Amino acid sequence: MSVVSMQKMLIAGMREEQDAVLKELQRRRLFHLSKMEEETLSAPEVKEKLTRAEKQAQLADNALKLLNEYAPADEGMFASLKGGRELSADAWQEKALSLPQAAALAESLLEKQKGIGEAAAKAARAQVLLEGLVPWEGLDMPLNTSETGRCRVLIGALPGAWTEESLKDALAAGLPGFDTYELELLKGDATQTPLVLLCLKEDAPAVEDLLRKKGFAKPILVSDKTPAEAKEDLQFEKAAAVTEGEELKAAIRAAAPGRDALQFLYDESQLEAGRLAALAKTGEGSRSFFLSGYVPANRAEALKKQLEDKYTVSVSLIDAAPEEAVPVALHNNRFAAPTESVVESYGLPGEGEVDPTGIMAIFYYFLFGLMLSDAGYGLLMIVGCGLVLKKFPKMSRSTKQMMTMFFWCGVSTFLWGILFGGFFGDAIDVIAHTFFGVPKDVQVFKPLWFAPLEKPMKLLVYSFLFGVLHLFVGLGLKGWQLLKQKRVMDFIGSVLSWFLLLIGLILMLLPSDLFASISGSPIPIPEPVQSAAKILALIGAVGLLLFAAWDRKNFGLRLALGAYELYGITGWLSDVLSYSRLLALGLATGVIASVINSMASMFGGGVKGAILFIIIFLVGHALNMAINLLGAYVHTNRLQYVEFFGKFYDGGGEAYEPLTTDTTKYYHMEET
Amino acid sequence: MGNLLSLALTTGAPAAAEAAPALLNDQLGIVYALLGVALATLLAGIGSAIGVGMGGRAAAGVLTEKPELFAKVLILQLLPGTQGIYGLLVAFVALGKIGVLGGEAPDARTGLLYLAACLPIAFVGLLSAIHQGKTSVASIGLLAKNPKTFGKAMLLPAMVETYAILALLVSILTVSNL
C-alpha cells in the first residue's frame, strides 16, 4: 500500500515540435500536466482549435448514432467489456491520413439526415392538404373560382351540420328580399358543411358578411385546379417525398462500411481535444514552448531520455517541494488494488495521509463476505466474475477492478457461507428432505462455526468485536500518520489517550452484568486486571482532557476542548453499534433464502414438484442475491467511509491524470 | 322453547363467565402475534414501496438524458427497498415461532409481546424508507450533475438506513428470544 512517488518534470522545446512532443507524451501515458498560473498568450487561438476538435468529435458521434439507427451494428451483450481494437502507434498515424474523408462522410451522412427530415415534412404537408381536400371532392370547378360575368361564387364551409332548407331559412331571415341565388351543398358531416353559393355581384358583400358571422371559412388549399386534379398532384408530391426519404435512408445504410472510419474519427478527435486542452494550460513563447508536470519517479529518467533522444528539448527533473500539491496515484498489490476505486470515490490521500487501500481491502472483503454470507452466492460471484475476467482481458481498468473486487468478495462470501452453514440458504437440507427422503430432524449441511439464526446474540457480540477491531486499526493509522509527521504531542493527546481509555472501558465492561445479559455468559477477568483497567481508563480520560488541545495557550479553553474530545466517547459508542448491521444483513440473506426454499418445496417431491421447485428456486434466489448483494456492497462502503475513514482519513488529494491515449472509445493505441 | 332457552342461559352463564378468560387467553394470543407480523410486513413494505417509487421516478428522468448511468441510478433507487425486506425478515422469524410456519400458538400475553416486538421495524421501517427515498432522489440529482460522485451519492441515503437497521435489531432480537 503506497502512494506512487512523483517527480516534477519541466520540458522546454522548439515551437515546431510542440505537437509532436505532446503526441509522444500522450502515447507514453505518464505525464500529468500541471496548470500554469499566468494566462498564456496563445489561449484564444488554442481554445478555438479545441472547440473545433470537440465539434468534430460531436460530428462523428452524431454520424455514428445515425448509422446505428438505420444500420445497427451487430455487437452482442458484452460489447462494452471487449475493449477497443488494438492499433499500433504507427498504424494509428497512417490511419489518421484518411481523417478528412471520414469527416466528409460524417458531414454527408448528417446532410442526408436533414434531407430525410425535410422529405418527411413535405410528405406530411401533402397529407394535410389531401385531408383538407376531402370535403371538396364532389366539386367540379377550380377551388379559386371567384366570379363569372355577373355573379360572385362563394366557396367555403360552415361549421356544424346544415341542410339546404335550414340554410335557406337562415339566409331569408338574415337578408329579407334576397332570393336570386344558387346554392349547392356538398357532402359534409356533423362538424362542417361545405357549400357553393352563386349570387349577383351587388348582393355579394351582404351575403358574405352574413355567412362570415356564421363562421364561413374558405378551403385550406386554393388552387386553379379542380379538387380532383389537385388531389392527383398532391398524391404524386407525397409519393415523391416518401421515395426521396427512402432513398436517403438506403444511402445511409449503404454507408455502413464507413463505420470504422467514423469511429476512428471520433477517437482521434477526442485525443486531439485532450492535447489541445493540455496546450491551453502551457506557456509558449514565439519560438519555444514550455511544459511543467509530474511523472512517477521510477519512470521519469526513462521518459526524459526518450524525449531528449527524439526531439530538440530540454527536460529537467526536480524533486517536488514538501508543501507542493503533488498528484496522487495509488499503487497496491493484486489483492488490494481492486478496492482502489473505493478509496478513489471517497477521495485520494491528501497531504500527510497514508494510502489506506491495503488495510481497507482486507476489511472490505471480510465485512462484505460476513454480510452476504452464503456459500452458494459466493460461488456464483467467483464463477461469474472469474469467467468475465478471463473472457474479456481488454476491458477498461475500472470495470476490471470492479470485477476483481467482486471476485474476492465472492471468495469471502463463500468462506463465511461455509462457516455459517448457508448454501442458497438451507437449500441442501430442503432438497434432501423433500426429494431424497432424509428424515426432517437430520441436518445434512452443518455450519462449520454456528448458525446465526440460532444464536443471533453470539453473532451480534462478534459483530461488535470486528467493529472495535476495525475502528482500532483506523485509530492506529491516525497515530502512525501523526508520528510520521513527528507530531508526538498530538499522538499522545488524540490517539494514545483514546486507546488507553477505550481498552480500559472494554476491560471494565466484559465482566459486567450488562455484557452478560447480551452475550449470555460474562467473560471472567482476573481482579488485578480489573483494577488495572480502571486505572487505564482514568489515565486515558485525563490524557484526553489535558492533551487533546495541548497547543492552546488559554488553559480554560484547552480544558474545554479536552472535555469536548472526551464527549466523543458517544461517537465511539454509536460507531460500534453501527456494526450491528453485520448481523442484520447476514440474517436477512439467510432467512429470505430459507423462505424461498420452503416456498419452492411446498409442492412436495416427484417430477412435478421438482420442476416447480427449480423455477421458484431460480427466480427467488436471483432476486434475493441481487438485493442482498446491493445491501452488502452499500453497507460495506458505508462502514469503510463513515466509521473507518472517519477515524483518520480526509482524502483531499488531487488525482494523477496523465495525458493519455486511453480516452478513446473504439480503438486502443498499443503501448510502446 | 323459551323456557329451555332461559334454562340454558341461566345454567350456562356462570360457566361461560369462567371459561371466557381462559378461552381468550388461549385463542387471542395468535391474533395479537399475527397482528404484529402483519404490521411489520405492511408498514415497512409500504415505506419501501413509496421510497423506491420516488427513486424510480427521479431515475427515469435522469435516464432520458444519460442512459449510461443506468446501473448507478438503479442502485440509488433500490436503497430504500431494504426496509421492506427487514419487515419481511421479522415477520418470517415470528411466523416460524407462533405456530404458523413452526413453533406453537402463544398465549395472549406472549402474543402481545410479539406485537410489541414487531412495532420498531414497522414504524421506523415506514418512515425511514420514505425519508431514504427522498435522500435517494437528491442523490440521483447529484449523480446526474456529476457522475464521479457516486461514492458520496450512495453514502447519503445509506446514512438514513442506520436507524432502520437499529430498529430491525431490536425487533429481531426480541422476536427470536421470546
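Domain bounds here come from an automatic or database domain assignment. Everything shown is a predicted model.

**View 1. The four domains of chain A.** Chain A splits into four pieces, two of them built from separate stretches of chain: domain 1 takes in 2–99 + 257–319, and domain 3 takes in 340–449 + 589–621. Domain 2 (144–218) and domain 4 (454–579) complete the set.

**View 2. A three-stranded open sheet in chain A.** Reading across the sheet, the strand order is β5-β7-β6 (chain A), and the pairing is antiparallel. β5 (151–159) and β6 of chain A sit at the edges with a single partner strand each, so one side of each has no neighbour in the sheet. On average, neighbouring strands are turned by 20° against each other, ignoring direction.

**View 3. Strand pairing around β7(A).** Start with β5(A): nine bridges tie it to β7(A), with the two strands running antiparallel. Look for Leu158(A), whose bridge partner in β7(A) is Thr193(A). Over on the other pairing, β6 (residues 181–185) and β7 (residues 192–200) of chain A are also antiparallel, this time over five bridges. Here Leu183(A) has Leu197(A) of β7(A) as its bridge partner. A hairpin of six residues takes the chain from β6(A) to β7(A).

**View 4. Helix α5 of chain B and its kink.** This helix covers residues 150–177 of chain B, which is 28 residues. From first C-alpha to last, α5(B) reaches 40 Å, close to the 40 Å expected at 1.5 Å a residue. Even so, α5(B) has a kink of about 30°, centred on Val160(B).

**View 5. Where α22(A) crosses α5(B).** Helix α22 (residues 606–648) of chain A packs on α5(B) at an angle of about 95°, and the axes are 10 Å apart. Angles from 65 to 115 degrees count as roughly perpendicular, so that is how α22(A) lies against α5(B). On the α22(A) side, the contact uses Val634(A), His635(A), Asn637(A), Arg638(A) and Tyr641(A). Gly151(B), Met154(B), Leu155(B) and Ala158(B) make the contact from α5(B).

Methods: Residues numbered from 1 in each chain as written. Chains lettered and ligands numbered in written order. Predicted model: local features only at pLDDT ≥ 70, side-chain atom pairs only at ≥ 80, totals over all residues. Helix = DSSP H or I, 4+ residues; strand = E, 2+ residues; numbered from the N terminus. Expected span 1.5 Å × (residues − 1). Bend = angle between axes of the 7 residues up to and from the residue. Pairing = 2+ DSSP bridges. Axes fitted to C-alpha atoms, helices over the stretch in contact; angles between N-to-C directions. Parallel < 35°, antiparallel > 145°, perpendicular 65-115°, else oblique. Contact = placed C-beta atoms within 7 Å.
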